[in-house]
Amino acid sequence: ADVHGTVKADNMETFGRSSRRERYAKLHEEGIDGIMEREHAADEEMPWRNEGPPESSFGEPGARLEEGHKLDYVSTVMLCVATFCLFADQNLMAPNLQAIADDFGLKGKRKDQFLGGIMSIAFFFVGAPSSVIVGSLADSPNVHRVTLFTGVLLIGEIPAALTIFVGTGWAGYWQLFVLRSITGVAIGGALPVVLSMLADIYSSSQRNVASAVYSTAMGAGLVFGQTFAALTGTSNWRIPFVLVALPSIGIALGCLVVIKEPKRGAAEEALAQRFKNNPNYEYKEDVGWRRKFVQAFTIPSNILIIIQGVPGMFWMPPLVHAYAFYSA
């Protein structure tokens with residue numbers, strides 16, 4: 001049996017060597033031109049041979065169909081429209097600060113102090129921590145970000161609609177103070193949720209454009225809101241708040257229907273192979289609070305952003321509110 005096995009192994013080895021020699025001889029005889037011609041003919045018969053790996057849409061492996069592109073664009077447009085409406089609410093007070101001060105009985109330095117100072121500080125003092133909290137929730141794999149975004153929008157727009165019931169005098173001032181503070185939660189919380197979703201819709205090479213479009217929507221909302229308030233708030237400064245808030249609430253609810261929750265990590269090149277190999281793969285890594293806080297102040301790009309933003313903290317708010325009062 002041992003002798004038979006040895007002979008059989010020798011025969012297989014000899015056959016392998018002879019097969020390799022025949023293939024080498026055939027390749028040498030055919031030459032490089034023949035090989036290229038044969039490959040070209042095969043490509044014409046099977047054109048899919050040269051196609052790369054299929055690109056995913058919203059993290060779903062498979063061919064990138066036109067429907068996937070439409071979902072990307074529709075979701076992006078809806079996010080921008082909702083943010084436009086939210087930020088339109090931010091500067092609704094500015095054109096009518098004098099009328100608001102008269103309603104509350106604020107004169108001289110008191111109107112600068114209570115409307116231009118304390119009211120604005122409360123708005124951003126609440127918005128800053130809400131941005132951190134909502135941003136952390138958006139990172140959690142157990143949170144549905146479209147629902148979170150809708151909730152943030154409603155938190156901002158419902159108080160704006162309730163502004164129509166604000167009274168006069170000191171009671172009216174503190175009513176407006178509370179409502180504007182709650183709206184600050186939405187202004188601060190919307191940005192991290194949207195950026196989180198855009199990062200999972202677009203690849204790293206497309207995110208700059210997507211972020212620029214979103215930032216344009218924010219700025220356009222600010223300009224529109226201030227202009228709209230100047231045109232519609234001449235008889236009653238509360239009216240612009242309602243006119244902006246009511247359609248914004250409808251758009252916020254529409255986000256639940258129109259925007260599809262993007263799959264986490266689906267646009268990351270580092271995870272592309274995992275999504276390709278496993279259609280049901282889910283990225284569930286959750287960075288801890290301590291690591292988030294440390295990285296926020298140690299990443300070089302973050303440090304540069306913080307440094308360039310500090311000077312504007314001192315001169316921009318007083319300039320904006322002084323202009324609003326003096327131009328009233």
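Me: Which backbone oxygen lies 3.5 Å from a polar atom of the side chain of Thr150?
Reply: The backbone oxygen of Ala252 lies at that distance from the Thr150 side chain. A polar contact is a pair of N or O atoms within 3.5 Å; within protein, one atom must be able to donate a hydrogen and the other to accept it, and residues adjacent in sequence count only if both atoms are side-chain atoms.

Me: Where does the structure come from, and how are residues numbered?
Reply: This is a predicted model, in which local features need pLDDT of at least 70 and side-chain atom pairs count only at pLDDT 80 or more, while totals for chains, interfaces and linings use all residues. Residues are numbered from 1 along each chain as its sequence is written, and side-chain values use heavy atoms, with hydrogens and water left out.

Me: Back to Thr150: which backbone oxygen does its side chain reach at 2.9 Å?
Reply: At 2.9 Å the side chain of Thr150 reaches the backbone oxygen of Val146. Thr150 itself lies in helix 5, residues 145-162. Helices (H or I, at least four residues) and strands (E, at least two) are DSSP runs, numbered from the N terminus.

Me: Is Thr150 buried or exposed?
Reply: Thr150 is buried, with a relative accessible area of 3%. Buried means under 20% relative accessible area, exposed means over 50%, and partly exposed lies in between (1.4 Å probe, protein chains only).

Me: What does Thr150 touch?
Reply: Not counting residues up to four places away in sequence, Thr150 touches Ala252, Leu253, Cys255 and Leu256. Contact means heavy atoms within 4.5 Å.

Me: How many disulfides does the structure hold?
Reply: The structure holds zero disulfides, a disulfide being a pair of cysteine sulfur atoms within 2.5 Å.

Me: New topic: which residues form the nonpolar patch on the surface?
Reply: The patch is formed by Val74, Leu253, Leu256, Val257 and Val258, which together have about 430 Å² of accessible area. Its largest share, four residues, comes from helix 8 (residues 239-258). Patches are made of residues with over 30% relative accessible area and no salt bridge: like charges are joined within 9 Å, and nonpolar side chains (Val, Leu, Ile, Met, Phe, Trp, Tyr) within 5 Å. Accessible areas come from the Shrake-Rupley method with a 1.4 Å probe; for residues, only the protein chains shown count as cover.

Me: How many salt bridges are there in the whole structure?
Reply: A search of the whole structure finds four salt bridges. A salt bridge is a side-chain nitrogen of Lys or Arg within 4 Å of a carboxyl oxygen of Asp or Glu. One of them joins the side chains of Arg180 and Asp89 at 3.0 Å, N to O. Arg180 lies in helix 6 (residues 169-201) and Asp89 in the loop between helix 2 (66-88) and helix 3 (97-104), so the pair ties together parts that are 91 residues apart in sequence.

Me: Are Arg180 and Asp89 buried or exposed?
Reply: Arg180 counts as buried at 3% relative accessibility, and Asp89 is buried at 0%.

Me: What does Asp103 form a salt bridge with?
Reply: Asp103 pairs with Arg238, the closest N and O atoms being 2.9 Å apart. Asp103 lies in helix 3 and Arg238 in the loop between helix 7 (207-232) and helix 8, so this pair ties together parts that are 135 residues apart in sequence. Asp103 counts as partly exposed at 25% relative accessibility, but Arg238 counts as buried at 8%.

Me: And which residues are linked in a network of salt bridges?
Reply: The network links Arg145, Asp200 and Glu261. Within it, the side chains of Asp200 and Arg145 meet at 2.7 Å, N to O. Asp200 lies in helix 6 and Arg145 in helix 5, so the pair ties together parts that are 55 residues apart in sequence.

Me: Which residues is Gly265 in contact with?
Reply: Leaving aside neighbours within four places in sequence, Gly265 is in contact with Asp200, Leu271 and Phe275. Gly265 is in the loop between helix 8 and helix 9 (272-277) and is buried, with a relative accessible area of 5%.

Me: Finally, how many helices and strands does the protein have?
Reply: The protein has 12 helices and zero strands. Buried residues make up 35% of its 328 residues.
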